[in-house]
Amino acid sequence: MCVNFELTAVFPALIPLTLAIASLLSGASRLSDNTRQSILKSISVAVVISAILITVCHIEKPEDSHALLAMNNVNLIVLLLVCFMTIVLVKFSQRYLSGETKTHRYWRWLFLSLTSVSIVIVSNHLLIFWLGWVSISLCFHRLLLFYPDRPRAVLAAHKKFILARVSELSLLSAFVLLYTQHGTFYLSEISQYYLTSASAAELGVAETVAAILLAITALIKCAQLPLHGWLIQVVEAPTPISALLHAGIINLGGFLLLSFAPLIAFSVDAQWVLLIIAGLSTLISALVMMTRISIKVKLAWSTCAQMGLMLIECALGLYELALLHLISHSLYKAYMFLSAGDVLQEYSLKQLAPQKNVTFLSAMSSLLLVIISTYGIVYFTSYSGPLSVWLLVNTALALYLVSAVRNGTLLQFLTSCLTVALLVGFYMGGKAMFTWVMPPVYASTMFDAMDIWLSALFIALFLLAVQMRVFPQAKATRTLYRWLFSGLYLDELMTRLTLFLWPITLRPETRVESNNQPLSKETS
């Protein structure tokens, strides 16, 4: 297929334009329900056609380093993910919002949010990237306030609004520093410098500070502790909005680091910032998740832990694994949130089923079985990697087997063992596939201190998780459980600080005429 190169120069803008037009059409207030449904179906078809054209364009046309909007392998994959999520959210929201008033506001801000996300993904100019980043937060803020009479939703949106301004200032400062260093706002030119220049091994002060600011921006965007409270509380928003946040927008922190991977790979300081904060956030969030009962809140804490793990992968230079993690997490969280009702029913049935006691011996046996399995695969495939990464894989899969021991029969346990083997194969195959997708980023040297730090965190996570399951009545476990259930009181401290710096009045009895919806609709 022959495609005119001058024509294909505008193809990266197809998805943002399609979504912007969708916001304009579906956001009209006087449309009939049938007309709006027809428009939404047409939008889904247009998104599919645009995605096909962009893919063909990317295959046939080389990337233009001086284009405002440009495509590379990573951008294309993430953009296709956004297109898929758009179609899923449109289909689900049509049924979910049936009977709601003022749904045009939902569609307007939903498509504007998706438009902003797509602009960030395809932008090759730092200023356009930053403007899209700001637009995402402002548009999504309106979605979080879809039920403005809910105090928890208002408070969560207020905290996120403040943190978003901080992350935007941090990102803008990083871009200005990079411009002063390189004299260009084009992302492709900056990345190419670090990919090809041997002198980049020694970063200047401006570049080091810019890398640290990018890391801080990613940490804030990914809701890492102690800046996580708003993510836990936005479950007050409608389910499609929660799915969009957890499966899409919050992943932009990882996408930011992937976009600037050539720079981050040279900055040891930025890597340590990510490893320390994201590492502790992963440890605490994973343990707190075990104390939760509400499905949505449990999923929110899971997102904190998963985002921390993705940032750790970026800090270690495992960018292909981070990209695989981003896509897998998006699809998984979208499915979990959009099927929260079915998940709740399945969870209740599991709780009613007879369960076996987990012993310390069974936990250690599961860990030993996983270590033998993964070591065998590594031995026969000559695959290598940091010790801490394999330790994480082993402990995570061991905890999965522990759950199988507790909830299932011998046959289910054997099935779980097969699942473990398939997951390890998926991990290795996905990592190998995305190695081809990612550009050849400089392989930063991983210090022994980094490996030791992460190994200690992962071992602590496994031992504390086993303690909570094997010795639930022990005094130390009850004390640990109480602190974890409160989230170490980190969000309470941040909420007080937020309201001290920028007070807000909450009126729980206020009912807004546009969206007078009972609180019971979002009960998990």
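Visitor: Let's start with salt bridges: which side chains meet in one, 2.9 Å from N to O?

Guide: A salt bridge is a side-chain nitrogen of Lys or Arg within 4 Å of a carboxyl oxygen of Asp or Glu. Here the side chains of Lys159 and Asp491 make one, at 2.9 Å from N to O. The two partners come from distant parts of the chain, with Lys159 in helix 7 and Asp491 in helix 23, 332 residues apart. Helices here are DSSP runs (H or I, at least four residues), numbered from the N terminus. Keep in mind that this is a predicted model: local features need pLDDT of at least 70, side-chain atom pairs count only at pLDDT 80 or more, and totals for chains, interfaces and linings use all residues. Residues are numbered from 1 along each chain as its sequence is written, and side-chain values use heavy atoms, with hydrogens and water left out.

Visitor: Is Lys159 buried or exposed?

Guide: The rule is that buried means under 20% relative accessible area, exposed over 50%, and partly exposed in between (1.4 Å probe, protein chains only). Lys159 has a relative accessible area of 4%, so Lys159 is buried.

Visitor: How many salt bridges does a search of the whole structure find?

Guide: The search turns up 2. Glu168 and Arg165 also meet in a salt bridge, at 2.5 Å from N to O. Both sit in helix 7, 3 residues apart, which is about one turn of the helix. Glu168 is buried at 5%, while Arg165 is partly exposed at 24%.

Visitor: Which ring does the charged end of Arg165 sit over?

Guide: A charge sits over a ring if NZ of Lys or CZ of Arg is within 6 Å of the ring centre and within 35 degrees of the ring normal. The charged end of Arg165 is over the ring of Phe161, 4.4 Å from its centre.

Visitor: What does Phe161 form with Trp502?

Guide: Another edge-to-face pair, 5.9 Å centre to centre with 75 degrees between the planes. Phe161 is in helix 7 (residues 151-182) and Trp502 in the segment after helix 23, so the pair ties together parts 341 residues apart in sequence. Phe161 counts as partly exposed at 22%, and Trp502 is partly exposed at 42%.

Visitor: Which residues do ring pairs link into a cluster?

Guide: Look for Tyr106, Trp107, Phe111, Phe146 and Tyr147.

Visitor: One last stop: where is Ser285 found, and what is Ser285 in contact with?

Guide: Ser285 is in helix 14 (residues 268-289), and counts as buried at 0% relative accessibility. Contact means heavy atoms within 4.5 Å. Leaving aside neighbours within four places in sequence, Ser285 is in contact with Leu225, Trp301, Cys304 and Ala305.

Technical notes
Helix = DSSP H or I, 4+ residues; strand = E, 2+ residues; numbered from the N terminus. Phe/Tyr/Trp six-rings, centres within 6.5 Å; stacked < 30°, edge-to-face > 60°.
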